[in-house]
Structure formats: structure tokens, C-alpha cells
Amino acid sequence: MSDDAIRLVTIGRMLHRRGRLLTVLVVLGALTGFGASLVFPPRYTTSASVLLPGAWEERVLLTQAEIATSTVVTDRTAEELGWAGVDGEELRERVRAEVTDGNIVKISGTAESPARAQRLADELARQFVTFSARIVDETADPTAAAGPDQLRQMVLTTSRRITELADAADPGRTVESVQTRTELAKLRTALQEAVGELSQADSNAAGSRLVVMGPAARPSGEAPPSRVQLIAAGAVLFFLLAVVGHLTSARVNRRLRSEREIAAALGSGLLGGVDVSARRGAHRPEGGGARHRFRRLLGLDTPWNAPAPPAAGDEASLGIRYRRVCGRIRDLVPGARRLLLVVPDDDGIALRAAERLAEEAGGDPLLRLTEVSPEAPLVPDREEESGVLVVLGAGTRTAAELAGVAEACADAGHDVVGVVLADAVRTRPARSAGLPREAAAPALALGDGARGGAR
């Protein structure tokens, strides 16, 4: 349960902090889908239904569906349509036949326009019925074909014979009259059986005739995937790829967050940590350049998976940590008149922390700020500096990048004397808007003393 909650919080944080980037990617995905719809023209699909009267077995119905899309039927359909560049082989890729309830074969056709799709389905159904009727005629038994005529002739002959016997029968109660009536009864039975066989033969003959159940309807919309579906699919695909990419990059993130690991990568010791007020744009460097402006526009200059800044005191209380770090610097490098502050140029938190650190130092020692590129760091050559202080934002650099900064410092003749980590915090408003905190404290003490004297 907790793991699921963490995942939801992570995705929510990503959507909030990478909203502009995700919006741009969704628009790009939609444009890609629109381009795909231009490459693949829209298609339209319609169907015609063919009824198979009588009783049919399931395997026979499936055979009829295969016949409907066979090479013979599609070749004859292509010849009848006469479309330029469209033969029977191509039509086989555009048509489909399936068996539905009620002994109905549904024949579907796909074309570039509604009219052509309608004509294709109608012509394919007609050619299927014609070809199926021809198969029945060619495989029919000649004796079975002559059976209905013979049955009809038998019916006529039997009817005449019954009439003759009835006229010649003795109406008396003699033995001959009884025999005559018996023979008439047998003839009537034979006549009824003949009529039944004739009806069954007619039914079987009718069952072999397929019937087209009206013309195909003209399609009113595009067959999937339509242009709208391609655009939506492109937008969704790019969005999902962006989400998966962010989660994957966060999983394989190798940026160091441990103070011990950061100090070991730079080959120096940690002097302490300072806090920077996390106001809007706190992570963003003030520097220019097309690359930085582009990253700032998309919100890529701030880490999306960093936790929310913790709460801290006011601005005045933050200065205490800066002064403590400055005291450690003086103790670490006694007599140093000048030190070089090395800060990555894309780390807005570290830049602000280094600027305030230089202010709090008050020139003792003099801290000179220089920005370096994390990908290709270049540190100025050593002049009067007694060493280098590296100021970093927590969890912003990998071990390889820190090793590159250390090598650049050594190449310029500098020794890394310490590391300062900066982090963003949420500060409270100042307690006194008119007087600084140092001036407010004596006034408060004076007031307490006056009250004590009165007592």
C-alpha cells in the first residue's frame, strides 16, 4: 500500500514539475499522428449480407465464407469494377467475409471513398452469389435434376388412373368393388408420397440459391484508424513515453546525495551545509544562453524528483549557518587572503549560496566566485588564491562530474580545501519588518529592565 502511494506521489510530482515539457511532447505526438494520417489516406468500410436459405452445417457456412473471398471471386470482381491499378490480389487485402447468425455471410469491402467501398461490397456479393450458383449447377446429379419432372408426371398419371377406376367401380357390395376401392386407396397414398417428395425436391432446389439481402449501405465515417484516432494515439504514445522515460531516468539516477560520497569524489572534506530560500525560480541560474533559456522554458532546470523543500526559520536565521561555515573556512585555512569559489553554472541553488557566502565572509577571506560547466569544467589558473571551495546543490552531480571538477582544479594548480553543500528550504517571514533582528534584541532587553525597575 505504501509503495503504491509513493508511486502515485512520484507521478503527481512529475506531472506538476514537468507539466510544460509533457504538454510540448503531447503536442508533438499529436502532430506526428496528424502526419501519419496524411501518409496513410483515410479508408471507408461497408458490408453486404448474403442469405443462405435452408439448413446448413457450420463447416459448410465457413466454406461459403472462404469462397466469398477466394481468388476466383476477387478476380472477377476486379475485372467487373475496372479500377486502374487494382487487381484481384489487391482486392483480397481489402475484403473480408464472416458468418453471422441466421445463415448470413457478411461481406465487407474497404476503399478510399464511401462510393467505391459501397460498390466494392455490392459487386463482391453479386460475384459470390453467381459463382456459388455455378458451382451448384456444375456439381448437380443429372438424374436428380430430372426427378421433379418425373414426379409430376407420376402425379398426373396416378390422378387419371384414380378417376378411371372410380368411374368403373361397381357401386354394389361385391368382392370386385371392394378390391377396386382398396386399389384406389393405395393409389391415393402413392400420390400423396409423390407430392411430398416433389415439395422436398423443390425446397432443396430453392435452398441452393443464395440471396443478396439488399445493397450495401454507404459508410458515413472513416474506418479505424481514422485521423482523429491517429492524432490521439500519437499524443498518448508520446505522453506515456515521456512518463516512462522520467521514471526510468529517476531509477538509474547516479547523482550523489550522501555528504561522504560527495566529499570523497572531490577528494576533500565537507565544511558544512547552508540553506537557500526556495522562492520561485530558486533552482534557476541567472545566466543566459540559448541552452539555458530553452531548459528554463521547459522547466528542465529544476530536478523534478527532488523532495519538497523542508521548513526552516526566517532569512536572518539562515545567516547563522553561513557565518559558521565562514568560521570553519578561517580555521581550516588560517591566514588565507583569497579563496576561489567554484560553482556549476547550471546549479541555481549553489550560485545563490555562493553569493551569500561571499557576502557573509566580509572579505576575510576574500571569496572570488567562478562558474564552470559540469560537462567540461575549466577553472582559472592559480594567482593569489590559497585554495578552492566547491559549492554544490545536494543531489545535483554525479561522481564522474565531480571527479571532472576536481581534475580541472588540480590542472589549474588549485587544491580543493573544502566542500559546501546547499539545499533549498521554505522560510518564514521576518519577525520585525522595521528593524533588523540585531537591533530588535537590545530594545527588548531594555524594555524588560525598565519593567523590572518599576517593580
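Trainee: Leaving aside neighbours within four places in sequence, which residues is Leu-357 in contact with?
Mentor: This is a predicted model. In it, Leu-357 is in contact with Tyr-322, Val-325, Cys-326, Leu-341, Leu-367 and Val-420.

Trainee: What makes these contacts?
Mentor: Contact requires heavy atoms within 4.5 Å.

Trainee: Which residues touch the most other members of the largest nonpolar core?
Mentor: Leu-357, Leu-389 and Val-391 do, in a core of 26 residues. At least two residues each come from β5 (270-277), α12 (315-332), β6 (338-344), α13 (348-361), β8 (388-393) and β9 (416-425). Helix α13 gives the largest share, seven residues.

Trainee: What does the second, separate core include?
Mentor: That core has 25 residues, among them Trp-83, Val-86, Ile-107 and Val-129.

Trainee: Why is Leu-31 called exposed?
Mentor: The cut-off for exposed is over 50% relative accessible area. Leu-31 has 52% relative accessibility, so it counts as exposed. Leu-31 lies in helix α2 (residues 19-39). Together with Val-24, Val-27 and Leu-28, Leu-31 forms a nonpolar surface patch with about 330 Å² of accessible area.

Trainee: How do you know that the buried residues of α10 line one face of the helix?
Mentor: The buried residues in α10 (residues 259-266) include Ile-262, Ala-263 and Leu-266. Seen down the helix axis, the buried residues of α10 fall within an arc of 95°, so they line one face. Residues three or four places apart in an α-helix point the same way, because there are 3.6 residues a turn.

Trainee: Which residues are exposed on the other side of α10, and what covers the buried ones?
Mentor: Arg-260 and Ala-264 are exposed on the other side. The cover over the buried residues includes β5, β8, α14 (399-411) and β9. Just after α10, Gly-267 takes a positive phi of about 70°.

Trainee: How many helices and strands does the protein chain have, and what percentage of its residues is buried?
Mentor: The chain has 15 helices and nine strands. Of its 455 residues, 35% are buried, and the cut-off for that label is under 20% relative accessible area.

Terms used. Residues are numbered from 1 along each chain as its sequence is written. This is a predicted model: local features need pLDDT of at least 70, side-chain atom pairs count only at pLDDT 80 or more; totals for chains, interfaces and linings use all residues. Side-chain values use heavy atoms; hydrogens and water are left out. A nonpolar core is a set of buried Ala, Val, Leu, Ile, Met, Phe, Trp, Tyr and Cys residues joined through side-chain atoms within 4.5 Å. Buried means under 20% relative accessible area, exposed over 50%, partly exposed in between (1.4 Å probe, protein chains only). Helices (H or I, at least four residues) and strands (E, at least two) are DSSP runs, numbered from the N terminus. Patches are made of residues with over 30% relative accessible area and no salt bridge: like charges are joined within 9 Å, nonpolar side chains (Val, Leu, Ile, Met, Phe, Trp, Tyr) within 5 Å. Accessible areas come from the Shrake-Rupley method with a 1.4 Å probe; for residues, only the protein chains shown count as cover. A salt bridge is a side-chain nitrogen of Lys or Arg within 4 Å of a carboxyl oxygen of Asp or Glu. The arc is that of the directions from the helix axis to the C-beta atoms.
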